[in-house]
Amino acid sequence: MKTRSMSARSKSRFLAALEMTVLSMAKVRGVVAFVAALSLLALQASAQVTAERLLNSSKEPQNWLMYSGDYAGHRFSALDQINVSNAVTLVPKWAYQTMAGGKFEATPLVVDGILYGTGQDDRVYALDARSGRPIWQYQQTLPADIRPCCGRVNRGLAILGDKVFVATLDAHVIALDSKTGNVVWDATAAEHAKGYSFTLAPLVIKNLVLVGVSGGEYGIRGFIEAYDAATGARKWRFYTIPAPGEPGHDSWEGDSWKIGGSPAWITGTYDPATNTTFWTTGNPSPSNRGEGRAGDNLYSNSLLALDPDTGKLKWHFQFTQHDEHDYDATQVPVMIDDGDRKWIAQANRNGFFYIVDRTNGKLISATSYAKVSWSTSKDATGRPLPDKAGAPAPDGNRVCPGALGATNWMSPTYDPQTKLFYVTAREQCDIFSTAPQPYEAGHAYYGSAYFPNDETQPFWGALRALDPATGKLKWEWKHTSPAWAGVLSTAGGLVFTGDAEGNFIALEAASGKVLWHFQCGASVFASPMSFAIDGKQYVAVAAGSALFAFGLP
Amino acid sequence: MAKLGEYQFRSNCAFCHGLGGRGGGRGPDLTRAQKHHGNTDGELFHNIHDGIAGTAMPAATNGGIGVGMSDEEIWQVITYIRSVEKKASAAETGDAAHGKELFYGATGCGTCHMMNGKGGRLGPDLSSTGASRSVEYLTESLRNPSKRLAQGISEPLKDFSEEYETVTVVTSDGTKLQGVVLNEDSFTVQMLDTREQLHAFEKVKLRSYVKTRESLMPAYDVKTLPDKDLKDLIAFLLAASEKGGGQ
């Protein structure tokens, strides 16, 4: 009690001091300065991230309020201080070392000068975004029996009010106080020892925190769910595999639905106009073996349109039916508006660039943007169909794209200025083998394996600029080897991306011309973002074990 | 048991060790009876369970990277490996002493390759190659070296190792250099030229930069290297590495 009253007293003293500053400023500079100072006061005194602010994120381009920057999933920054004419002068401003090993896949948030980020092993931190100096740090204590398939990774946070939300490898959803890093609530979503985990950045819609589960390599039953941001109470859960009696259940053989995977491990998007949230799902389990799960295996590898208030499914579109190549559709579903056309654009792991009408889930186009051999035919709606000949075989079967996909979880970007969609493409074919594997809870369950085809030329990658209206390639910039970096576009006419060799690169969005690059010292395994503080624009990206911030000299 | 082990092997091991355990570009050939990091069941179990420090061999645990195997499954894999092992040492099929003479003499291998500290630097060090590669792989490397290029530096987090590609550059002052790529990215190249000089260049500053997958190593056909000599050379590679590998 004593502490609280002291703190309240010092707070009121602080506000009184601020008020005096405001008054003196008003005397000197007049009414305009007074109003400006008042709004500054309001911002600093509350610094609350409201649901309203999230909806209007485009009005505060200095902040990066959610994983993809906005609800549309554009990963576009309206900041233009760094632009095609001065990008060549970019310099590193600071680096923050997590000192953790493995892949650093996170995109940080920035709110009013404070950067909130995550790192490997489920660590969370708040930094002074101007200097990179830490303000608080949180480390989730991870049990020994967690089941991350692909590294102890985390991709970031969501924020609402004075809380940031992290979803962890031991299948917890946790709210941390944004000023202290203290745990406000901690919800257990599922049993981590059975293969359930979280790797994605949550998505806040209104008062709810939405997450989707990882674990497609462990025979989980996937789900997307929502928690009350204030209390941590679960409000709804949508299983990505229908139960008996539900539509789509007959797309699974026998009891295979119970262990059919279909995780949802990348952050969704949200259309407030129709109150619809779009999520994508991953592979059916076991990933490289279709035997025992005959059928389309709904809603694996699908785009789902959900009501964010209830979790009710409005419609679905399945990209890859009865997948045997690990073609998770877990790429951010990007909302594109062109006149009265309302689209979802997705460059899918299976090698096709899909445009789907987001009002009804109908396919508009599917165009290959990388080498594809798993499908050579399309159905009446234009949806690519899997070839029987491409199924994994005991002695191996070469299929393109390989299991890691023509792209993967790294974010694409949509630039409303160039009207182009930019994606990191990977040109790698794999040999898919298969073998029977009994299901055992918590044990890897993928029905054999894939490996790169050594007989072919070296694998490579490219940043590709695609025109959503035609599906056609506008330009590409070749990477030396397949890359794992996402893409950011900015109003400065730039796109930023990275490569496996450790370069962080700025290119002209219109032409693909490289304007600047910086060697980070280890592979860029994350998607960049941008923010501003003191009127100065920064571009940030994770590479190796460090988060780097770049700016003009 | 061996069949179950084969399934486990395909899922967990074939990515590097190849289908059938015959080795790929990444992991050693496991059909060799003599294994570089230990031959007993206990050593194999330990190597699979805990990984091999200082190599790309990961631990087969569930908590870390990779999806993992249970102890029982590791034993199934060992049973499978035993079932595909060739009992006789391939070294016995040739004359290692004559192979050594050829290596440092007529075939000129030692001009570019080092064996236990002696030889050239342009090609990969072969001190432990005999312990990790199949006879078929070694034969192919001699007869058709461009088919599968040897691997060089592996960087953490990078999916693929650099390969021994051939590079020819012309510098801004007109100097022409040929050699092997030690490493490369979109903007720079690090190379060793045929005179064993290290060079590092920014690609934009070069007048010309040409890279090929045609190995600098000559292809030894049956005329230049009759089958018997080839066997002797391989016997030397195997014997040298069985004696003590890369010491």
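The contact between the two chains takes 36 residues from chain A and 25 residues from chain B. Two residues are in contact if their C-beta atoms, placed from the backbone, lie within 7 Å. On the side of chain A that touches chain B, 15 residues are nonpolar, 13 are polar and 8 are charged. Here Ala, Val, Leu, Ile, Met, Phe, Trp, Tyr, Cys and Pro count as nonpolar, Asp, Glu, Lys and Arg count as charged, and the others, Gly among them, count as polar. The model is predicted: local features need pLDDT of at least 70, side-chain atom pairs count only at pLDDT 80 or more, and totals for chains, interfaces and linings use all residues. Residues are numbered from 1 along each chain as its sequence is written, while chains are lettered from A and ligands numbered from 1 in the order in which they are written.

Chain B has 9 helices and 7 strands. Helices (H or I, at least four residues) and strands (E, at least two) are DSSP runs, numbered from the N terminus. Of the 247 residues in chain B, 35% are buried. A residue is buried if 20 or more other C-beta atoms lie within 10 Å of its own, exposed if 12 or fewer do, and partly exposed in between; C-beta atoms are placed from the backbone. Among contacts in chain B between residues at least 6 apart in sequence, 59% join residues at least 24 apart.

Helix α4 of chain B covers residues 71-84. At 1.5 Å a residue, its 14 residues should span 20 Å, and its end C-alpha atoms are 20 Å apart, which agrees. The expected span is 1.5 Å times one less than the number of residues. The buried residues of α4(B) are E73(B), I74(B), Q76(B), V77(B), I78(B), Y80(B) and I81(B). They pack against α1 (2-12) and α3 (41-50) of chain B.

The largest nonpolar core holds 171 residues. Such a core is a set of buried Ala, Val, Leu, Ile, Met, Phe, Trp, Tyr and Cys residues joined through C-beta atoms within 7 Å. L157(A), A158(A), I159(A), V204(A), V209(A), A543(A) and F548(A) touch the most other members. Strand β37 (residues 536-543) of chain A gives the most to this core, with 6 residues. Apart from this core lies another, of 18 residues, among them M115(B), L138(B), I234(B) and A240(B). In soluble globular proteins, nonpolar side chains tend to be buried together.

Chain A contains an open sheet of 4 strands in the order β11-β12-β13-β14, with antiparallel pairing. Two strands pair if DSSP finds at least two bridges between them. β11 (203-205) and β14 (234-239) of chain A stand at the edges, each with a single partner strand, so one side of each is left without a neighbour in the sheet. The twist averages 20 degrees from one strand to the next. Axes are lines fitted to C-alpha atoms, for helices over the stretch in contact, and angles run from 0 to 180 degrees between N-to-C directions. Strand β13 (residues 223-228) of chain A pairs with β14(A) in the antiparallel sense over 5 bridges. Across this pair, A226(A) has W236(A) as its bridge partner.

Strand β20 (residues 341-347) of chain A has 5 of its 7 residues buried, so it is largely enclosed by the rest of the structure. β20(A) pairs with strand β19 (residues 334-338) of chain A in the antiparallel sense, over 5 bridges. D338(A) has R341(A) as its bridge partner in β20(A). The hairpin of β19(A) and β20(A) has 2 residues between the strands, and G339(A) takes a positive phi near 65 degrees there. β20(A) also pairs with strand β21 (residues 352-357) of chain A, antiparallel and over 5 bridges. A347(A) stands opposite F353(A) in β21(A). In the hairpin of β20(A) and β21(A), with 4 residues between the strands, G351(A) takes a positive phi near 100 degrees.

Most residues other than glycine have a negative phi, and most peptide bonds are trans. R75(A) has a positive phi of about 50 degrees although it is not a glycine. R75(A) is found in the loop between α3 (51-55) and β1 (76-77) of chain A. With 30 C-beta neighbours inside 10 Å, R75(A) counts as buried. N275(A), also not a glycine, has a positive phi of about 50 degrees. N275(A) counts as partly exposed, with 14 C-beta neighbours inside 10 Å. A cis peptide bond joins S285(A) and P286(A), with omega about -5 degrees. P286(A) lies in the loop between β16 (276-280) and β17 (302-306) of chain A. The peptide bond from C400(A) to P401(A) is cis too, with omega near -10 degrees.
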